[in-house]
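Colleague: I would like to go through this model with you, one site at a time. Could you give the criteria behind each term as it comes up?

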Amino acid sequence: MPNPPDVQSFFDPSTNTVSHVASDPNTGECAIIDAVLDFDPRAGRTATRSAATIIDYVLHRGLKLRWILETHVHADHLSAAQHLQQVLGGVVGIGEHVTDVQRIFADVFNITADFAADGSQFDRLFHDDETFSIGKIPARVLHTPGHTPACVTYLIGDAAFVGDSLFMPDYGTARTDFPGGDARTLFQSIQRILALPSSTRMFVGHDYGAPGRKRFAWETTVEEQCRANVHVRLGTDEEAFVLMRTHRDAALEMPALILPSVQVNIRAGRLPPPETNGVHYLKIPVDVL
Ligand SMILES: [Fe+2]
């Protein structure tokens, strides 16, 4: 088993997002996965409180930030990738299929004339099975689409960062009804994740609690998911999963921040360019989603 990274996680109660810092205890190099830029939709105001907590942790521990990783284009929170890079440096990475998501939302927001749906907003586009490292810890990227077409899982040493492909065993899986999502594809991606060594630690991207559990949680293992995930434990029938997921998704409302989040996150965490008065605006497409 490769050197295990130290993992510190940060929970954002306003979006139920979990951000993670994975670091190599030997070299001090680290990656930040799925960091949140705070956004108050009533005022249209961003803030960096959540990111500041992570930055404090990195600086306090004397870590060197090498990677700012996104598991996907999030629809429920804005990414703090650009803010983190300005303060700490590092390379912003995402799965190469982000271009599919960019194309879909460039149409939704009618920005095709001045937005390049080519992934160039990110520093690094990972292809399936691509390897990189954090200090001396080997890392690998698995393309795990379904929740979105571009979702990836980052396997860093013995720790898998699965984003929204799987949630805690007692909560199940993520919705697949966003544009480009697909329940059957998610089921197949999850089989790939569950085929990792059973002792693999697994860190999820959100937690919403579950009946009988008092605290939010975000760390589990492949073994535990195989045995106990309420949606996809081993032995689950693919057709039954697709039916369950499709039925459940039909009853869900859109996330509160989907419109601001996607406009910022397809730009790797940047706001749309300012208008002539220097102000950045976010659009609301009416009757589209
Ligand atoms: Fe998501």
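Colleague: How many nonpolar, polar and charged residues does the lining of the second largest pocket have?
Modeller: A pocket is an open set of points on a 1 Å grid over the protein atoms alone, with protein on both sides within 12 Å along at least five of seven lines, and its lining residues have an atom within 4 Å of a point. Ala, Val, Leu, Ile, Met, Phe, Trp, Tyr, Cys and Pro count as nonpolar, Asp, Glu, Lys and Arg as charged, and the others, Gly among them, as polar. The lining of the second largest pocket, which includes Phe-109, Arg-267 and Tyr-281, accordingly has six nonpolar, two polar and four charged residues.

Colleague: What pLDDT do local features need in this model?
Modeller: Residues are numbered from 1 along each chain as its sequence is written, and side-chain values use heavy atoms, with hydrogens and water left out. This is a predicted model, in which totals for chains, interfaces and linings use all residues, side-chain atom pairs count only at pLDDT 80 or more, and local features need pLDDT of at least 70.

Colleague: Which element supplies the largest share of the lining of the largest pocket?
Modeller: Of its 39 lining residues, the closest to the centre are Thr-15, Asp-76, Tyr-208, Pro-255 and Ala-256. Helices (H or I, at least four residues) and strands (E, at least two) are DSSP runs numbered from the N terminus, and strand 5 (45-47), helix 6 (238-250) and strand 4 (36-40) each supply at least two lining residues. The largest share, five residues, comes from strand 4.

Colleague: Which residues are the protein donors of the iron ion?
Modeller: Donors are N, O and S atoms within 2.8 Å of the metal (3.2 Å for Na, K and Ca), and since water is not among the atoms, sites may look incomplete. In sequence the donor residues are spaced H-x74-H-x16-D. With distances of 2.0 to 2.4 Å, the protein donors of the iron ion are His-72 (NE2), His-147 (NE2) and Asp-164 (OD).

Colleague: How many residues apart in sequence are the parts that His-147 and Asp-164 tie together?
Modeller: Buried means under 20% relative accessible area, exposed over 50% and partly exposed in between, with a 1.4 Å probe and protein chains only; at 4%, His-147 counts as buried, and Asp-164 is buried with 4% as well. Because His-147 lies in the loop between strand 11 (137-143) and strand 12 (152-156), while Asp-164 lies in the loop between strand 13 (159-163) and helix 4 (183-194), the pair ties together parts whose separation in sequence is 17 residues.

Colleague: Is Asp-207, which forms a salt bridge with Arg-213, buried or exposed?
Modeller: The closest N and O atoms of Arg-213 and Asp-207 are 2.8 Å apart. Arg-213 is partly exposed at 21%, whereas Asp-207, with a relative accessible area of 0%, is buried.

Colleague: What is the volume of the largest cavity?
Modeller: A cavity is a set of grid points where a 1.4 Å probe fits but cannot get out, and the count comes to two cavities of 30 Å³ or more. The lining of the largest cavity, with Val-73, Phe-105 and Thr-148 among its residues, divides into nine nonpolar, one polar and no charged. The volume of this cavity is about 80 Å³.

Colleague: Which element gives the most to the lining of the second largest cavity?
Modeller: About 30 Å³ of space lies in the second largest cavity, whose lining includes His-20, Asp-34 and Phe-161. The residues of this lining divide into six nonpolar, four polar and one charged. With three residues, the element that gives the most is strand 13.

Methods. Salt bridge = Lys/Arg side-chain N within 4 Å of Asp/Glu carboxyl O. Points joined across faces, edges and corners; volume = space filled by probe spheres on them.
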